Every structure is written in structure tokens, then in C-alpha cells.
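Me: I'd like to learn how to read the features of this model. Could you take me through them one at a time?

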Amino acid sequence: MQKTVLAMQSLLPDEMSELETHFRVIRLWKQRDPEATIKEERDNIVAILSTYNATRVSESLIEALPNLEIIAQFGVGVNNINIEAAAARDIAVTYTPDVLTNDTADIAVSLVLALARRIVEGDMFVRVSKWQNGPLPLGTTMAGKTAGIVGLGRIGQAIARRLAAFDMNIIYHGREEKQDQPYEYYADLTEMASAADFLVVSCTGGEETKNLVNYGVLEALGSKGFLVNIARGSVVNEEDLLIILRNQAIAGAGLDVFAAEPHVPEAMLTMDNVVLLPHIGSATIETRTEMGQLVIRNLRAHFEGEPLLTPYQ
Ligand code: NAP
């Protein structure tokens, strides 16, 4: 008999079909009464396919599924999963690192470019025929400027490599210095923000980094500084950011992630010193396909008694 996977969200159609050739899949988002379905299927469900923007894998959900063996996350950030509750029950957790690194780093660089060179503003300027009345205000040169990376992990390093190719100086902050990296390390985030022209946030989300980028850090970035966040909305204190943006205490912000997605603070929608994206770091056909394949291969490996391809921790 096929094992039952509780899917919180769909993979791309081809991957979903492939998943269904190996497993019996319950599409939770399609259920009229998801809670009732979970109750009915509690003994059958042995795996969860989870993702950051769907039903959370909470402690109570884990407790409600006595035969759960594995949680396969579609994504690299796992802050939607109660990792401690899974570990306490010896439930395996897998995720999809590396395959999304390049695309997500590209989005960070796109935001740096968009802010520095007023790309989005310029497009609007042409479309609403403002060009006839004079030129767009001048932008900012990237070459020679300093990018401060918050969280020099897989994505942070890919961003650093890309921005270095734009002749930018790279510095970084994290919990500890990385001996194998050529860039200058700052143990103190506020100090790094003072030294940076662009503060690019690419660290892990979750409780540990909640509101890491607060009023003081943003103030230190200064009125000519730009913030880019592709990590998680929770890492930047959104209320502090709104105040700072309103007061033009930084030059602008490029955001792919928000505290309560898909909600974006109303006030941001009318600000012209922000560029707003709908969480598209990994959103390409190629990467989403690879992420889906990795989810399937991890699930199959687990139930075939093979080593997991990408276990979390
Ligand atoms: P990673 O390799 O684990 O890197 C995460 C980095 O965060 C590490 O280098 C770590 O540095 C740093 N970090 C952790 N805790 C920190 C703290 N308290 N203070 C400062 N830095 C801290 O992960 P990744 O693959 O690069 O992914 C990073 C994050 O990007 C994911 O967790 C996810 O939330 C986000 N992401 C977003 C998108 C999108 O669509 N926008 C797509 C993919 C990923 P130290 O160990 O040195 O502290």
C-alpha cells in the first residue's frame, strides 16, 4: 500500500504527478475542513510536504500525527516548522538548500541595482510621461561602494560574489567570523551598518534573528544607505523601518520578504523610496523544479531506507 503524504501546498504540476506515482497525497489546501481531514487521516499520515507560506507544522500538528516519520520542506528556511517538536519525536526533517542559492542571490542583486539606479522608478517615470518635463533624479554609483551582508551563508556568499563583480567592497556580519572568507568581518551589526552603503540581509529567519535589524541598525546605515532584505520579514523590525523610511533616515529599501506575507504595510505602497517584490527569491521554473525533485528524492530515500539527500541539521 502507498504511504500517505500530507501536502500543505502543491509542487509544480510535473513534480506533483511524480509525487503521486510514489505516494498517496492528501492536498490539505483543497480540503473543505482541513482539521477534520487531519483527524480522519491521523494514523495514515507518515510524511508532511511543507513550505514557508502554507499551514505551519506546529507542535500540535506533530502531536496529532502518531505515525509521522518525516517532514520534507520545500524551501531552505524552516521557520514554519517546529524543529524542536520534530526532534523530540525523532522525526526526520529535510529541506532544499543550494538549488535556490543562485536565483535568490540574483534577486538580492536586482534589488541593489533597482535601488541604486532607480530602475523601477525610472520605468514608472517613462510610463506616466514625466520624462517630457525633465530628467529622472540622479542615482547612486555601485562601484566602490560597500555592501554589508548580514548572514554570509550559502546565499550571502553568492550575493557577495556577485556584488564583488560590480566592484563593490564586501563586509559581513554573522555570529562568528568565517576563516575561509576573504571579506572583512564585523562582530557588531550596528558598526557594520555604519560602514555600509548597502545593507543586504540574507541570514536565517526565526526567533533568533527576529528584529535583528532594528531602529539603531537602520539609523547607523544612514541617510545615503539602502536596505535590501531577501531573508525573512521577521529579521527586520517593520515598524522601525517604516519610521526610518518616512523620515528619509535611509535612502531606500528593497524588500522581497515581509513580516506578515502577503500583507505589505499600507504605508509602503505609496513610498517612492522602496522597491517591493512578492517573495520571489526562488521563483523560477528551473529552481522550483529542482526544489520539487529534491523533496521527492528525500521522501523516497526515507521510505526506501536510503540516506536522506539533504537532511536539516
Ligand atoms: P545558510 O547557508 O544557513 O545561511 C544563513 C546565515 O545566517 C549563516 O551564514 C549564519 O551565519 C547567519 N545567521 C544565523 N543566525 C544568525 C544571527 N543570529 N545573526 C546573524 N547571522 C545569523 O542559509 P541560506 O541557504 O544562505 O539561506 C538563508 C535564508 O534565506 C534562509 O534561511 C531563508 O529564510 C532565506 N531565503 C529566502 C528566499 C526568498 O525567496 N526571498 C529564498 C531562499 C532563502 P553565522 O553562522 O555566521 O551566524
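Me: Let's start with β11 and β12: how many bridges join them, and do they run parallel or antiparallel?

Reply: In general, strands of a sheet pair through backbone hydrogen bonds, either parallel or antiparallel. Here β11 and β12 run parallel and are joined by three bridges. Two strands count as a pair if DSSP finds at least two bridges between them. Within this pairing, Ala253 stands opposite Val274 of β12. A word on the source: this is a predicted model, in which local features need pLDDT of at least 70 and side-chain atom pairs count only at pLDDT 80 or more, while totals for chains, interfaces and linings use all residues. Residues are numbered from 1 along each chain as its sequence is written, and side-chain values use heavy atoms, with hydrogens and water left out.

Me: How are the element names assigned?

Reply: They are DSSP runs numbered from the N terminus: helices are H or I with at least four residues, strands are E with at least two.

Me: In what order do the strands of that open sheet lie?

Reply: The seven strands follow the order β8-β7-β6-β9-β10-β11-β12, with parallel pairing. β8 (184–186) and β12 are the edges; each has a single partner strand, so one side of each is left without a neighbour in the sheet. From one strand to the next, the twist averages 20°. Such angles run from 0 to 180 degrees between N-to-C directions, with axes fitted as lines to C-alpha atoms, for helices over the stretch in contact. Helix α7 (residues 154–165) packs on this sheet and touches β6 (146–150), β7 (169–173) and β9 (198–201). The direction of α7 makes about 175° with that of β6. Contact here means heavy atoms within 4.5 Å.

Me: Which residues of helix α10 are buried?

Reply: Buried means under 20% relative accessible area, exposed over 50%, and partly exposed in between, with a 1.4 Å probe and protein chains only. In α10 (residues 238–246), the buried set is Glu238, Asp240, Leu241, Leu242, Ile244 and Leu245. The buried residues of α10 pack against α9 (215–221), β10 (226–229), β11 (252–255) and β12 (274–276).

Me: And what should I look for at the two ends of α10?

Reply: At the start, a side-chain oxygen of Asn237 comes within 3.1 Å of the backbone nitrogen of Glu239. Just after the helix, Gln248 takes a positive phi of about 50°.

Me: What is the strand order in the five-stranded sheet?

Reply: That open sheet has the order β2-β1-β3-β4-β5, and its pairing is parallel. The edge strands, each pairing on one side only, are β2 (24–27) and β5 (92–94). Neighbouring strands are turned by 20° against each other on average, direction ignored. Four bridges join β1 (residues 4–7) to β3 (residues 45–51), and Val5 is found opposite Ala47 of β3. Helix α11 (residues 285–303) packs on the sheet, touching β1, β3, β4 (70–74) and β5. The direction of α11 makes about 170° with that of β4.

Me: Why do the buried residues of α1 line one face of the helix?

Reply: An α-helix has 3.6 residues a turn, so residues three or four places apart point the same way. In α1 (residues 13–22), Glu15, Met16 and Leu19 are buried. Seen down the axis, they fall within an arc of 100°, so they line one face of α1. The arc is that of the directions from the helix axis to the C-beta atoms. Pro13, Asp14 and Thr21 are exposed on the other side of α1. The cover over the buried residues of α1 includes β1, β2, β3 and α11.

Me: Which residues of α2 are buried, and which are exposed on the face turned away?

Reply: Thr37, Ile38 and Glu41 are the buried residues of α2 (residues 34–41). They cover an arc of only 100° around the axis, which puts them on the same side of α2. The face turned away from that buried side carries the exposed residues Glu35, Lys39 and Glu40. The buried residues of α2 pack against β1, β2, β3 and α3 (59–64).

Methods
Polar contact = N/O pair within 3.5 Å; in protein donor to acceptor, adjacent residues only side chain to side chain.
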